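Here is a short report on one protein model. Please keep the sequence and the 3D view open while reading.

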Amino acid sequence: MSLWLSHPLFLPSVIVGITIILWATSLLPEFITALLFFTAAMIAKIAPPEVIFGGFASSAFWLVFSGFVLGVAIRKTGLADRAARALSAKMTGSWPQMVASVVLLSYALAFVMPSNMGRIALLMPIVAAMAARAGINEGTRAWYGLALAVGFGTFQLSATILPANVPNLVMSGAAEGSYGIHLNYLPYLLLHTPVLGILKGAILIGLICWLFPGKPQAMREALPSTPMSGDEKRLAWLLAVVLTLWVTESWHGIGPAWTGLAAAFVTLLPRVGFISGDEFSSGVNIRTCIYVAGILGLAITVTQTGIGSAVGDALLHVMPLDAERPFTSFLALTGITTALNFIMTANGVPALFTTLAQSFADATGFPLLSVIMIQVLGYSTPLLPYQASPIVVAMALGKVPARAGMLLCLALALVSYLLLLPLDYAWFKVLGKL
């Protein structure tokens, strides 16, 4: 017992474990749990400050922040309502049609816009205005369904598009750095889109319609469109520039977070921008920013302290990996990814799993590239919202209670593992990947 207590990973594991339990059970508000993690980790000195607070230096944190600022401006100027009026007539004929339209819009935008957080920041105020026009008010179950459609459609479905999801990029970088493997856009799309994009999107739409029923009101005769105000025109041009820079990131090399931060800066400038200091204080959810920084900091800490590697090695020895039972091995590898998701969250899982992929390939007899690809189902299907920061952000922007997000997470994960996992295995076999 004393030997176990003196192990260098004991204290970091306790702090990380308590933090995860508090996030999973919502015993404390999420941002307070994040502050508790920062405090305990620093007092116990489980990692250097630049690791523990690494989430604040992450591009994801600043993309969340700028997304809040731009969202406030989009709503204030009336641009959100104008976009909602343009979409409402075609998207609110029935509840399944409305949910499907939001999910498809979230997925389609991923093909041209590389940032999960940016897409959520852009879509949420538009979907909120569209919902209001259809008589669906914030705080209702129907509204929770639409907000979750944005978050889940943005994060889970975009995992099928190589550059559209942070875990994908982490996996791609780790595969190249560890094995010299370069992942290509079209083969990746073909491998994952039929099952994890199209079928999973259809299941997501069905679950939201079932768990969060709604009845959009018949749209009244549209009022004549008024000319755009000066602020609307200026903000529309600013957003057009931001979107262009996001789409062309591979050309100029400026990350989406820094483009968004520059736009947020312009938005906040006195006399030039669109929102005042008071509007910034009331509209920007600093609580969620702290929560996101906590999640990212936790993932970095788990990696740097060696907790992730220890868990990965332990799973390698206990999971049933056997070249004679390929489906069981496929199931076990997905289970390993799911287990790692609890301690490292989706952004951190590919960094560890990919470095262990050669050992998994040796144990299963699968090709190395196929082992690397198998993890996509696991990290793109979180069991709890905290495992995927874009879902957390969408829930915060939509003021969705934790219980509603957990319900959809668990329901979609259950269906995914019971139905989609065997289909994913079959599709790998059809393509000759196993």
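The report covers confidence, salt bridges, aromatic pairs and a nonpolar patch.

**Basis and confidence.** This is a predicted model, in which local features need pLDDT of at least 70, side-chain atom pairs count only at pLDDT 80 or more, and totals for chains, interfaces and linings use all residues. Residues are numbered from 1 along each chain as its sequence is written, and side-chain values use heavy atoms, with hydrogens and water left out. pLDDT is the predictor's confidence in each residue, from 0 to 100. The protein chain averages 83, and 91% of the residues score at least 70. Confidence is lowest in helix α1 (residues 2-5), with a mean of 50, and highest in α23, at 95. Helices are DSSP runs (H or I, at least four residues), numbered from the N terminus.

**Salt bridges.** A salt bridge needs a side-chain nitrogen of Lys or Arg within 4 Å of a carboxyl oxygen of Asp or Glu. The count comes to 2.

| Salt bridge | N to O distance |
|---|---|
| Arg234 and Asp231 | 2.9 Å |
| Arg325 and Asp322 | 3.6 Å |

Arg234 and Asp231 both lie in helix α13 (residues 230-247), 3 residues apart, about one turn of the helix. For accessibility, buried means under 20% relative accessible area, exposed over 50%, and partly exposed in between (1.4 Å probe, protein chains only). Arg234 is partly exposed at 36%, and Asp231 is partly exposed at 37%. Arg325 is partly exposed at 42%, and Asp322 is partly exposed at 26%.

**Aromatic pairs.** Rings of Phe, Tyr and Trp (its six-membered ring) pair if their centres lie within 6.5 Å; planes under 30 degrees apart count as stacked, over 60 as edge-to-face and the rest as tilted. The count comes to 10 aromatic pairs. Phe37 and Phe38 have ring centres 5.8 Å apart and planes at 50°, so this pair is tilted. Phe37 is buried at 0%, and Phe38 is buried at 4%. Trp62 and Phe65 form an edge-to-face pair, 5.7 Å centre to centre with 75° between the planes. Both residues lie in helix α6 (residues 59-77). Trp62 is partly exposed at 28%, whereas Phe65 is buried at 15%. Ring pairs also link Phe37, Phe38, Phe53 and Phe56 into a cluster.

**Nonpolar patch.** Patch residues have over 30% relative accessible area and no salt bridge; nonpolar side chains (Val, Leu, Ile, Met, Phe, Trp, Tyr) are joined within 5 Å, like charges within 9 Å. Leu199, Leu414, Leu418, Leu419 and Leu423 make a nonpolar surface patch of about 470 Å². Helix α23 (residues 402-430) gives the most, with 4 residues. Leu419 lies in helix α23 and is partly exposed at 43%.

Key. Areas by Shrake-Rupley, 256 points an atom, 1.4 Å probe, with all protein chains shown as cover. Helix = DSSP H or I, 4+ residues; strand = E, 2+ residues; numbered from the N terminus.
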